[in-house]
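This report is for a reader who has not seen the model before. Please look over the sequence and the 3D view below, then read on.

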Amino acid sequence: MTTTHPFLRLFSRYLREQGLPITHQREAVAQTVFSSTDHLSVEDIEGCLREDGERIGKATIYRTLDLLVNSKLVEEHDFGEGFKRYEHRLSRQPVHEHLICLECGKVTEFRSEEVEHVESRVASEYGFAPSRHRLEIYGLCRNCRSAGVELPTTGISCPIDSV
Ligand SMILES: [Zn+2]
Ligand SMILES: [Zn+2]
């Protein structure tokens, strides 16, 4: 907690605008999310905070994450794992898609111009003004595949949902 992340200033401003106190705990949770390029679960965030010597309860972490999501600085993902993951939205790649490994839970980001073209082509075809899209591809990552893991042959679904 030596350097102040620029996004932390944006978050402080958001809290001020909402009339909410800027507490050390809220700043610590925000700093953890902003310092990571990963898609963090609440457990991950709790672990990072503990490593930094912060003792912050889960309830506070959840409440702060809600504020971060409402502030539009952080995006919430539900990859169907039974818990949510969080990543800050002002990362190096503002637009990216996700590959989610069903075996180890690894989330890989990729960027595709083709996907972006599909978005604008479909949008103009339907006279639709797009604001964002989401593409999630579920399967097995390279590591899990080389470890011999195989996809189940029955009951597999490929939930690609676009919003
Ligand atoms: Zn994997
Ligand atoms: Zn991502």
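At what angle do helix α2 and helix α3 pack?

## Packing of α2 and α3

Helix α2 (residues 24–34) and helix α3 (residues 42–51) pack at about 110 degrees, and their axes are 10 Å apart. Axes here are lines fitted to C-alpha atoms, for helices over the stretch in contact, and angles run from 0 to 180 degrees between N-to-C directions. That angle makes α2 roughly perpendicular to α3; under 35 degrees counts as roughly parallel, over 145 as roughly antiparallel, 65 to 115 as roughly perpendicular and the rest as oblique.

From α2, the residues that make the contact are Ala28, Val29, Thr32 and Val33, and from α3 they are Ile45, Cys48 and Leu49. Two residues are in contact if their C-beta atoms, placed from the backbone, lie within 7 Å. By class, this contact has six nonpolar residues, one polar and no charged. Ala, Val, Leu, Ile, Met, Phe, Trp, Tyr, Cys and Pro count as nonpolar, Asp, Glu, Lys and Arg as charged, and the others, Gly among them, as polar.

## Model and overall layout

The model is predicted: local features need pLDDT of at least 70, side-chain atom pairs count only at pLDDT 80 or more, and totals for chains, interfaces and linings use all residues. Residues are numbered from 1 along each chain as its sequence is written, while chains are lettered from A and ligands numbered from 1 in the order in which they are written.

The protein chain has six helices and five strands, in the order α-α-α-α-β-β-β-β-α-β-α from the N terminus. Helices (H or I, at least four residues) and strands (E, at least two) are DSSP runs, numbered from the N terminus.

Of the 163 residues in the protein chain, 13% count as buried. A residue is buried if 20 or more other C-beta atoms lie within 10 Å of its own, exposed if 12 or fewer, and partly exposed in between, with C-beta atoms placed from the backbone. Among contacts between residues at least 6 apart in sequence, 51% join residues at least 24 apart.

## Helix α1

Helix α1 has 12 residues and reaches 17 Å from its first C-alpha to its last, close to the 16 Å expected at 1.5 Å a residue. The expected span is 1.5 Å times one less than the number of residues.

Its buried residues are Phe7, Leu8 and Phe11. Seen down the axis of α1, they fall within an arc of 105 degrees, so they line one face of the helix; the arc is that of the directions from the helix axis to the C-beta atoms. Their cover includes α2, α4 (58–70) and β2 (85–88). On the other side of α1, the exposed residues are Pro6, Arg9, Arg13, Arg16 and Glu17.

## Residues around α1

His5 lies in the segment before α1 (6–17). His5 is partly exposed, because 17 other C-beta atoms lie within 10 Å. Leaving out residues up to four places away in sequence, His5 touches Gln31, Phe34 and Ser35. Just after α1, Gly19 has a positive phi of about 70 degrees.

Within α1 itself, Arg13 counts as exposed because it has 12 C-beta neighbours inside 10 Å. The C-alpha atoms of Arg13 and Ser71 are 9.8 Å apart, although the two are 58 residues apart in sequence.

Lys72 is in the loop between α4 and β1 (74–77). Its phi is positive, about 70 degrees, although Lys72 is not a glycine. Lys72 is exposed, because 11 other C-beta atoms lie within 10 Å.
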